[in-house]
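Please look at the sequence and the 3D structure below with a careful eye, and keep both at hand while reading. The paragraphs that follow lead from the fold as a whole to single residues.

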Amino acid sequence: MTLTLRLATLADVPHLKRWDRQPHVIAATSDDPNADVAFADAEWADEVSGADPASAYYIAELDGRPIGAMQIIDPALERTHYWGTDCPPNLRAMDIWIGEPDCLGQGHGTVMMTLAITRAFAEPHVEAILIDPLNSNTDAHRFYERLGFRPIGRRLFDEDDDCLVHRLDRADWRPGDTDA
Ligand SMILES: CC(C)(COP(=O)(O)OP(=O)(O)OC[C@H]1O[C@@H](n2cnc3c(N)ncnc32)[C@H](O)[C@@H]1OP(=O)(O)O)[C@@H](O)C(=O)NCCC(=O)NCCS
């Protein structure tokens with residue numbers, strides 16, 4: 001099977017909306033047991049339009065079937081300033097979700113992250129990559145730490161999302177070695 005990561009287009013909006021309703025995606029984005037949508041604020045057509053040059057969405061395709069998505073931003077420049085107005089330059093921040101439940105836990109997420117991290121560090125000025133899994137998402141912590149990310153601290157985002165921020169420094173990136 002071949003996994004590719006390509007830029008999202010307007011044609012992907014129905015997939016993104018469908019994945020927003022998947023319980024495992026909702027659980028990864030909110031600790032609220034009554035939440036019924038993952039990215040409630042996302043206007044997907046706008047998000048994928050490329051209106052913000054500091055934010056890009058990618059779709060993972062497995063042999064041509066869309067199975068999940070990633071967002072990759074420059075957190076210092078991204079227009080909502082999700083990471084704060086004092087966020088330093090030369091970083092990337094990533095988000096990842098596999099929308100199709102039958103595709104979880106088969107190594108696809110590891111391949112998606114490996115592709116995205118390799119592309120990010122291909123830009124010489126990129127020093128490190130940040131991610132912000134919920135503190136409760138211990139499965140995701142294990143996933144990221146196996147890739148070389150290290151937890152750097154709890155942080156509250158959007159007022160009530162209790163996250164454990166992880167960081168991967170360039171020096172800690174060893175592609176192909178994900179068993180640490
Ligand atoms: C996190 C995620 C991208 C990992 O991709 P994957 O293809 O399922 O994972 P892989 O097969 O490459 O690696 C397996 C590891 O992923 C993690 N994982 C597996 N299923 C998961 C799930 N439903 N939710 C979160 N992490 C999961 C575990 O750490 C697992 O390792 P383990 O064998 O020690 O339990 C994917 O599970 C997912 O999209 N989960 C829901 C959304 C999410 O949690 N996103 C991260 C939020 S920051």
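Among the contacts in the protein between residues at least 6 apart in sequence, 63% join residues that are at least 24 apart, where a contact means heavy atoms within 4.5 Å. This is a predicted model, in which local features need a pLDDT of at least 70 and side-chain atom pairs count only at pLDDT 80 or more, while totals for chains, interfaces and linings use all residues. Residues are numbered from 1 along each chain as its sequence is written, and side-chain values use heavy atoms, with hydrogens and water left out.

How many helices and strands are there in the protein? There are 5 helices and 7 strands, and along the sequence they follow the pattern β-α-α-α-β-β-β-α-β-α-β-β. Both kinds of element are DSSP runs numbered from the N terminus, helices being H or I with at least four residues and strands being E with at least two.

The overall dimensions can be described in two ways. The C-alpha atoms fill a box of roughly 40 × 35 × 30 Å, taken along the principal axes. The radius of gyration of the protein is 15 Å, which agrees with the value near 16 Å that a compact globule of 180 residues would have; this radius is taken over C-alpha atoms, and the globule rule is 2.2 Å times the number of residues to the power 0.38.

Of the 180 residues, 48% count as buried; buried means under 20% relative accessible area, exposed means over 50%, and partly exposed lies in between (1.4 Å probe, protein chains only).

The protein has 16 positive and 32 negative charges, and their mean positions are 5 Å apart. In this count Lys and Arg are positive and Asp and Glu negative, while His and the chain ends are not counted; the place of a charge is taken as NZ of Lys, CZ of Arg, CG of Asp or CD of Glu. Side chains of opposite charge can pair when their charged atoms come close. A salt bridge is a side-chain nitrogen of Lys or Arg within 4 Å of a carboxyl oxygen of Asp or Glu, and by this rule the count comes to 12.

Arg-92 takes part in salt bridges with two partners that are described here. With Asp-74 it forms a salt bridge at 3.7 Å, N to O. That pair links distant parts of the chain, since Arg-92 is in strand 4 (residues 91–98) and Asp-74 in the loop between strand 3 (65–73) and strand 4, 18 residues apart. Arg-92 is buried, with a relative accessible area of 11%, and Asp-74 is buried as well, at 14%. Glu-123 also forms a salt bridge with Arg-92, the closest N and O atoms being 3.2 Å apart.

Asp-172 lies in the segment after strand 7 (161–169) and Arg-150 in strand 6 (residues 150–157), 22 residues apart, and Asp-172 counts as buried at 16% relative accessibility. Salt bridges that share partners also join Arg-18, Arg-65, Glu-100 and Asp-102 into one network.

Which backbone angles deserve a careful look? Most residues other than glycine have a negative phi, and most peptide bonds are trans. His-81, however, has a positive phi near 55°; His-81 is found in the loop between strand 3 and strand 4 and is partly exposed, at 33% relative accessibility. Glu-159 likewise has a positive phi, of about 75°, and lies in the loop between strand 6 and strand 7, where Glu-159 is exposed with a relative accessible area of 74%.

Finally, Arg-155 in strand 6 is partly exposed, with a relative accessible area of 33%. Leaving aside residues up to four places away in sequence, Arg-155 touches Tyr-82, Trp-83, Gly-84, Asp-161, Asp-162, Cys-163 and Val-165.
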